[in-house]
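Here is a walk through one protein model, from its overall layout to single residues. Keep the sequence and the structure side by side as you read.

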Amino acid sequence: MQFFEDFAVGDTDEFGEYDVTLSEVLEFAEQYDPQWFHTDPERAEAESMYGGIIASGWHTASMTMRLFVDSVLSDAASLGAKGVEELRWWKPVYPGDTLVVESEVLETTVETDDRGLVEIRTRTFAERESGEVELVCSFVSDVMVARRDGTWGSP
């Protein structure tokens, strides 16, 4: 278990591989972001500036979060986040892309006797079918993490 004291400014990590599928792009978009360039492959190919269907930015953020939870937060005494800043979608994500994430601890701040705040920059890259790798999403999050000598696990 990783506690607040285990995070240090400058710590970096690269993790995950998430294969983006057409069916998942369509399913997410139909439910949460039903714009035509996310839901209509034929129209997106013929009319969009993207040259085909793309994942919603919110879907990209969600896939990134899944990788982050699986690789970092599942082994941390995470208490949730206070927010996200500087959210940017730099390039579109296409079905067939594989997402990889890197994180960097920017700052750590003791908030209370029980927890600290870890500011983390997260950057998501798409490995394209062509082999090219591009930055597609980035954000900075403020994650609350229990302190080792706090009340982690107490009711």
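Accessible areas here come from the Shrake-Rupley method with a 1.4 Å probe. By that method, the surface of the protein comes to about 8500 Å². Carbon and sulfur atoms account for 47% of that surface. The model is predicted, and local features are described where pLDDT is at least 70.

Start with the overall layout. The protein has four helices and five strands. Read from the N terminus, the order of elements is β-α-α-α-α-β-β-β-β. Along its principal axes, the C-alpha trace spans about 60 × 30 × 25 Å. Of the 155 residues, 40% count as buried. Now look at how the chain meets itself. Among contacts between residues at least 6 apart in sequence, 70% join residues at least 24 apart. Charge is the next item. The protein carries 11 positive and 33 negative charges.

The largest nonpolar core has 30 residues. Val20, Leu99, Val118 and Val145 have the most contacts inside this core. Five elements are listed as giving two or more residues to the core: strand 1 (12–19), helix 4 (57–71), strand 3 (98–110), strand 4 (115–127) and strand 5 (133–146). Strand 5 gives the most, with six residues.

Take Val118 as a way in. What does Val118 touch, not counting residues up to four places away in sequence? Its partners include Phe4 and Phe7. Val118 also touches Val105, Glu107 and Thr108. Ser141, Asp142, Val143 and Val145 complete the list. One of these partners, Val145, is itself among the core residues with the most contacts.

Now turn to the aromatic rings. A ring pair is described by the distance of the centres and the angle of the planes. A search of the whole structure finds five aromatic pairs. One of them joins Phe15 and Phe68. This pair is tilted, at 6.1 Å centre to centre and 40 degrees between the planes. Phe15 lies in strand 1 and Phe68 in helix 4, so the pair ties together parts that are 53 residues apart in sequence.

Phe28 and Tyr32 make another tilted pair. Their ring centres are 5.0 Å apart, with 45 degrees between the planes. Both residues lie in helix 1 (residues 22–32). They sit four residues apart, about one turn of the helix. Their exposure differs. Buried means under 20% relative accessible area, and exposed means over 50%. Phe28 has 16% relative accessibility, so Phe28 counts as buried. Tyr32 has a relative accessible area of 57%, so Tyr32 is exposed. The C-alpha atoms of Tyr32 and Trp58 are separated by 8.4 Å, although these residues are 26 apart along the chain. Elsewhere, ring pairs link Trp36, Phe37 and Tyr50 into a cluster.

Phe28 leads on to two further residues. The first stop is Ser56, found in the loop between helix 3 (41–47) and helix 4. Ser56 has a relative accessible area of 1%, so Ser56 is buried. Leaving aside neighbours within four places in sequence, Ser56 is in contact with Phe28, Asp33 and His38. The next stop is His59, which lies in helix 4. His59 has a relative accessible area of 3%, so His59 is buried. With neighbours within four places again left aside, His59 is in contact with Glu24, Val25 and Phe28. His59 and Gly83 are 24 residues apart in sequence, and their C-alpha atoms are 18 Å apart in space.

Finish with a backbone detail. Most residues other than glycine have a negative phi. What is the phi of Glu86? Glu86 has a phi near 60 degrees, a positive value in a residue other than glycine. Glu86 is found in strand 2 (residues 78–89). Its relative accessible area is 48%, so Glu86 is partly exposed.

Methods:
Residues are numbered from 1 along each chain as its sequence is written. This is a predicted model: local features need pLDDT of at least 70, side-chain atom pairs count only at pLDDT 80 or more; totals for chains, interfaces and linings use all residues. Side-chain values use heavy atoms; hydrogens and water are left out. A nonpolar core is a set of buried Ala, Val, Leu, Ile, Met, Phe, Trp, Tyr and Cys residues joined through side-chain atoms within 4.5 Å. Buried means under 20% relative accessible area, exposed over 50%, partly exposed in between (1.4 Å probe, protein chains only). Contact means heavy atoms within 4.5 Å. Lys and Arg count as positive and Asp and Glu as negative; His and the chain ends are not counted. The place of a charge is taken as NZ of Lys, CZ of Arg, CG of Asp or CD of Glu. Rings of Phe, Tyr and Trp (its six-membered ring) pair if their centres lie within 6.5 Å; planes under 30 degrees apart count as stacked, over 60 as edge-to-face and the rest as tilted.
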